[in-house]
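Biologist: I would like to learn how to read strand pairing and helix packing. Can we work through one example?

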Amino acid sequence: MQEWIIAMLVISVLLIMRDMAKTILAVRTPKKEELLPLCESHPQKEKVERYAASFQKLADTFYGMPYKKDYLSGGQIERIILDTNQRVCGRCYQREICWKEHSQELYNGSEAYIRAMEEGNEEEQKRLKSSWMGICGRYAQYLEVTGELFRKEKQNLAWDNRMIENRMAVAQQLTEVSKIMQMVAEDLYDIARAEPLFEDKLRKSLKKRHVLLKQAWVMDKVEGRRQVFLTMRARSGQCISMTEVAQILSQECGNAMAPVQGSRCIVNGDYHTVHFLEDVSYQVMYGVAKLTREKEKVSGDNYICRQEEEGRFVMCLSDGMGSGMEACRESEVVVELLEQFMESGFSQETAARMVNSALILKGRDGMFSTLDICAVDLYTGICSFLKAGAAATFIKRDHWVESIASESLAAGLVQQMEFETASRKLYHGDYLIMMTDGVLDALPIEREEETMKEIIMDVQEETPKEISRGILERVLGYSDYRARDDMTVLVAGMWKK
């Protein structure tokens with residue numbers, strides 16, 4: 001529980017540090033009321049880098065702790081043998097004879113018996129038990145106590161391993177926090193005051209539309225997508241839409257610019273800093289069709305669809321173990337954590353690993369959820385897939401359908417997850433079709449994917465909502481119109497802007 005709290009504190013710190021890149025824009029000097037000069041020795045940049053180094057050192061401390069063990073150590077086996085001797089042989093009148101004449105034989109036999117129990121080798125246990133009959137008159141009691149102490153040591157080993165897993169999960173989260181802080185520090189360095197000529201031309205163009213520009217800052221990322229920060233206000237009594245400002249900025253930049261999601265809709269009489277990004281090339285529409293398992297009131301499936309500031313559209317689908325409220329809670333935790341991590345700037349694989357660590361830390365035995373992520377770069381159309389125990393995803397283009405399958409484990413089962421990843425280039429008019437395993441399991445066994453491709457090709461609807469509904473209706477036809485599991489079909493369509 002303590003480590004779960006630590007993990008949540010780490011996430012909170014991360015969110016605070018992620019916002020520092022935005023906060024820095026509001027810092028002004030007392031005289032000129034301008035932003036602090038951003039250079040390699042910027043105090044905020046150095047401060048964030050020191051935070052990053054501190055978190056990495058803390059993570060290294062966790063990594064330096066003992067790793068989990070699958071078998072009892074020699075010291076633990078020796079302790080079992082000594083404790084057994086004390087409890088069984090301590091008052092036995094033959095102790096001196098047994099542990100003097102046959103001490104090595106008895107010790108080796110005890111160690112072999114413990115190892116046989118550990119490996120589950122019943123034949124070896126029977127053989128060793130038979131050999132003990134001719135040596136020890138109290139062999140039955142001796143082996144019974146040995147088994148009792150063995151089970152206690154294995155239970156202690158399981159608890160120790162659980163604590164080690166929790167420490168490793170926290171260490172992984174601290175490492176990722178360190179990385180994202182370093183990225184924030186680099187972002188601070190990337191921000192620079194706009195060139196005087198560009199700022200002057202933009203100021204004149206905005207002034208014609210009754211907008212007064214105070215200052216402009218530019219961030220040119222490595223991939224060439226420009227970001228512009230404008231501190232501006234409207235003339236007294238004027239009210240200008242942000243769309244109009246974006247059009248003026250686009251003309252001056254030479255490419256389409258748009259305010260980030262959640263920005264102000266209008267420019268009023270107060271100074272505000274607005275963040276503009278190079279506009280994306282594609283737009284996405286999505287639709288979903290869901291059906292809850294019969295006799296259940298709540299579906300165990302949850303999903304999110306959201307567009308990130310960096311021009312990325314993300315869809316995540318999670319299927320909790322089983323059905324009903326418990327399964328719903330599990331999958332809900334997965335999608336909410338994933339949304340929070342990706343919103344903080346993590347890549348989808350890093351976010352998925354953080355979610356898996358969080359589920360491990362949560363420590364609810366036997367509970368897990370599938371994880372299915374599609375992240376589309378709306379500038380290039382490249383879609384990245386990540387799966388953990390999830391059903392196949394399908395891409396429909398014109399007259400063919402492709403499937404992306406996975407054989408990985410669900411999230412929350414093991415600490416070192418190996419996710420299935422893939423990427424595809426999407427084009428205008430393509431459809432992404434995600435679904436939970438309850439949909440595919442309703443189709444003929446061993447022909448699930450082939451049958452689903454036929455169903456997708458048979459659907460003639462065009463809007464994502466109608467396509468998802470059409471797929472689900474046709475799948476129900478294969479199961480006598482009964483939902484034996486929760487079913488969710490999520491469809492997204494890509495179109496050129």
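Biologist: Which residue in E7 does methionine 257 stand opposite?

Modeller: Keep in mind that this is a predicted model. Methionine 257 stands opposite glutamate 278 in E7. The strands E5 and E7 (residues 272–278) pair in the antiparallel sense, over three bridges.

Biologist: What is the order of the strands in the open sheet?

Modeller: The order is E1-E2-E3-E7-E5, five strands with antiparallel pairing. From one strand to the next, the twist averages 35 degrees.

Biologist: Why is one side of E1 and of E5 left without a neighbour in the sheet?

Modeller: Strand E1 (191–193) and strand E5 (257–259) stand at the edges and have a single partner strand each, so one side of each lacks a neighbour in the sheet.

Biologist: Which strands does H9 lie across?

Modeller: H9 lies across E1, strand E2 (211–220) and strand E3 (226–234). Relative to E2, H9 runs at about 140 degrees.

Biologist: How are two packed helices described?

Modeller: By the angle between their axes and the distance between the axes. Here, helix H9 (residues 196–208) and helix H10 (residues 242–253) pack at about 145 degrees, axes 10 Å apart. H9 passes H10 in a right-handed crossing.

Biologist: Which residues make that contact?

Modeller: H9 contributes Phe198, Lys201, Leu202, Ser205 and Leu206. From H10 come Val245, Ile248, Leu249, Glu252 and Cys253.

Biologist: How many of the residues in the contact of H9 with H10 are nonpolar, polar and charged?

Modeller: Seven are nonpolar, one is polar and two are charged.

Key: Residues are numbered from 1 along each chain as its sequence is written. This is a predicted model: local features need pLDDT of at least 70, side-chain atom pairs count only at pLDDT 80 or more; totals for chains, interfaces and linings use all residues. Side-chain values use heavy atoms; hydrogens and water are left out. Axes are lines fitted to C-alpha atoms, for helices over the stretch in contact, and angles run from 0 to 180 degrees between N-to-C directions. Helices (H or I, at least four residues) and strands (E, at least two) are DSSP runs, numbered from the N terminus. A crossing is left-handed if the near helix is turned anticlockwise from the far one by less than a right angle, and right-handed if clockwise. Contact means heavy atoms within 4.5 Å. Ala, Val, Leu, Ile, Met, Phe, Trp, Tyr, Cys and Pro count as nonpolar, Asp, Glu, Lys and Arg as charged, and the others, Gly among them, as polar. Two strands pair if DSSP finds at least two bridges between them.
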